[in-house]
Amino acid sequence: MGSKNKLKRFKENETFQNVIEPTREEVVSGDFKWKGNWNKDFFKNDNPIVLELGCGKGEYSVGLAERYPNKNFIGIDIKGARFWRGAKTAVETGLNNVGFLRTQIELIEYCFAENEVDEIWITFPDPQIKYKRTKHRMTNTEFLQRYKKVLKKDGIIHLKTDSEFMHGYTLGLLHGKGHEVIYANHNVYRNEGSPEVVTTIQTFYEKQYLEINKAITYIQFKIK
């Protein structure tokens, strides 16, 4: 994507009411105005809140919002030029139950209050395969504890990935730490019983993976 295109998208994001783009200082100061107020002030209803972490182009957030009008969805990514597409689609189609937050995933507990979130989706994260990158894996112990702080007691996390490494790493960690694995599938398009929501919403890159018969994996779990 050219720099002019990025700048254009950044500018357009500023006009979208469904996009929140705080500075890091604003978030970590403790005075982030949306924390604890997403239902009341942003969505203006009491519906469950679902996050998509590392939402990319926002395809899953928008797809989920279309599918579940009685839930609120927030796509989170540091790259605003990417989720511009999802935000624009939501504006153009009048989809009012989805928003986008431009920030880093590790700041999640600064952006949401305890028990404010009902579900979290992690879709096709960078598996960070090298050992020295372990701290950046979005399902490592530190990240799971961050998610636990904002999730309700029985809050559910979904991991959908094309990485066998990420799937195996996460399953091993969950079992090793005594977390509850509700469902796990190493090839959701080949094995029967896959939740419909996992196979009916597909990202741009997911469709490319499927064209080359790359397996898509899925885990649904709760943090204990």
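**Exercise 1.** Which residues lie nearest the centre of the largest pocket, and how many residues line that pocket?

*Solution.* The structure is a predicted model, in which local features need pLDDT of at least 70, side-chain atom pairs count only at pLDDT 80 or more, and totals for chains, interfaces and linings use all residues. Residues are numbered from 1 along each chain as its sequence is written, and side-chain values use heavy atoms, with hydrogens and water left out.

A pocket is taken, on a 1 Å grid over the protein atoms alone, as an open set of points where a 1.4 Å probe fits, with protein on both sides within 12 Å along at least five of seven lines, and its lining residues have an atom within 4 Å of a point. For the largest pocket the lining comprises 34 residues, and Gly54, Asp77, Arg82, Asp126 and Met138 are those nearest the centre. Its volume, the space filled by probe spheres set on the points, is about 960 Å³.

**Exercise 2.** Determine which element gives the most to the lining of the second largest pocket.

*Solution.* This pocket has a volume of about 270 Å³, and its lining includes Trp34, Phe42 and Val91. Two or more residues come from each of α3 (38-43) and α5 (80-93), where helices are DSSP runs (H or I, at least four residues). The most is given by α3, with three residues.
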